[in-house]
Amino acid sequence: MSSSLQDIRLTAIVVAVTTLIIVLVVSAVQENSVELYGYSAIIYCAILSLGIQLIGWIPASIKKTERFYDIIGGFTYISVVVFSLWVGSEAESPSIREWIVSIFVIIWSLRLSFFLYRRIHRSGKDGRFDDLKTSSIRFLVPWTLQGLWVFLTLSAVIVINSQSTPAPPIGIWDYIGIFVWCIGFGIEVVADNQKTQYNSKPENKGKWISEGLWSRTRHPNYLGEILLWTGISFFGISCFTGLEKVAWISPIFVYFLLVNISGVPILEKRANEKWGDVSEYQEYRENTPKIFPTYSLYIPCKGSYISL
């Protein structure tokens, strides 16, 4: 099979699977959604999530560049959040819960998208796209997956913002959500800043970071990402009913994608290619957890440590 036919086949499968997943999620969570011109707000949010990516893919594929991939992803998050907040206000004014989750997502999106945008412009490229951007058809794959990423991670927020029924008052689960989100956001920001500062020093060129949060886990930024979306999902506990609970797929999807597909596997493969033969790196890899840090509890009577 020729390379072009393989690209078409791969892209068609990705687009089909993405569309199927989104259709299933929309069908499950839209029952209590407000409607606009006879269709649920959830459908419009799904169209926005994919549509903006398609628009971004066209010039990106022509120029064969990934420079604006992350910034467009951030713009998509904000667009979907603002739209869901607006369309939900057609039923009643946004509740405190809706304002909180919307502001949280906008803060996170602005911070991360501009951080990634500056990083790629400093380095000149993102190695994840080296093979993908050489083919316009193949380059559609990451843009499609970004649309899926936006919609599924935002699913809890979309459902909260677009519910047609009155929102219950803020309660204990919401406060837990605020706490978990703040912890996750803080971890992500600190981890990104630590790595940026480490890589900015000439003496660290070509080395891996193993200090600060990176001494406790090999991917603390992903730990923060998982925690903050888990925090967002807590806001749905007091207001989700029936199949709306499918929206809790958000943190599960984030964990699965980062740990098993697009995040950790790619970075670990690159790290092994660079430092696989370096004993210090192998020691760091063996002794440092992938995502969730472990701690040692000293028990005096036994004179030993227990990893928790």
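A: Tyr255, Phe256, Ile261 and Phe292 make up a nonpolar surface patch, whose accessible area together is about 390 Å² (Shrake-Rupley method, 1.4 Å probe, only the protein chains shown counting as cover for residues; patch residues have over 30% relative accessible area and no salt bridge, nonpolar side chains being joined within 5 Å and like charges within 9 Å; a salt bridge puts a Lys or Arg side-chain nitrogen within 4 Å of an Asp or Glu carboxyl oxygen). The model is predicted, with local features needing pLDDT of at least 70 and side-chain atom pairs pLDDT 80 or more, while totals for chains, interfaces and linings use all residues. Residues are numbered from 1 along each chain as its sequence is written, and side-chain values use heavy atoms, without hydrogens or water.

Tyr255 belongs to helix α9 (residues 249-260) (helices are DSSP runs of H or I, at least four residues, and strands of E, at least two, numbered from the N terminus). Its relative accessible area of 34% makes Tyr255 partly exposed (buried is under 20%, exposed over 50%, partly exposed in between; 1.4 Å probe, protein chains only).

The whole structure holds 19 aromatic pairs (Phe, Tyr or six-membered Trp rings with centres within 6.5 Å; planes under 30 degrees apart are stacked, over 60 edge-to-face, the rest tilted). Phe104 and Phe235 are edge-to-face, because their ring centres lie 6.4 Å apart with planes at 75°. Phe104 is in helix α4 and Phe235 in the loop between α8 (220-234) and α9, so this pair ties together parts 131 residues apart in sequence. Phe104 is buried at 11% relative accessible area, and Phe235 at 0%. Trp108 and Trp229 also pair edge-to-face, at 5.1 Å centre to centre and 75° between planes. This pair links helix α4, holding Trp108, to helix α8, holding Trp229, 121 residues apart. Both Trp108 and Trp229 are buried.
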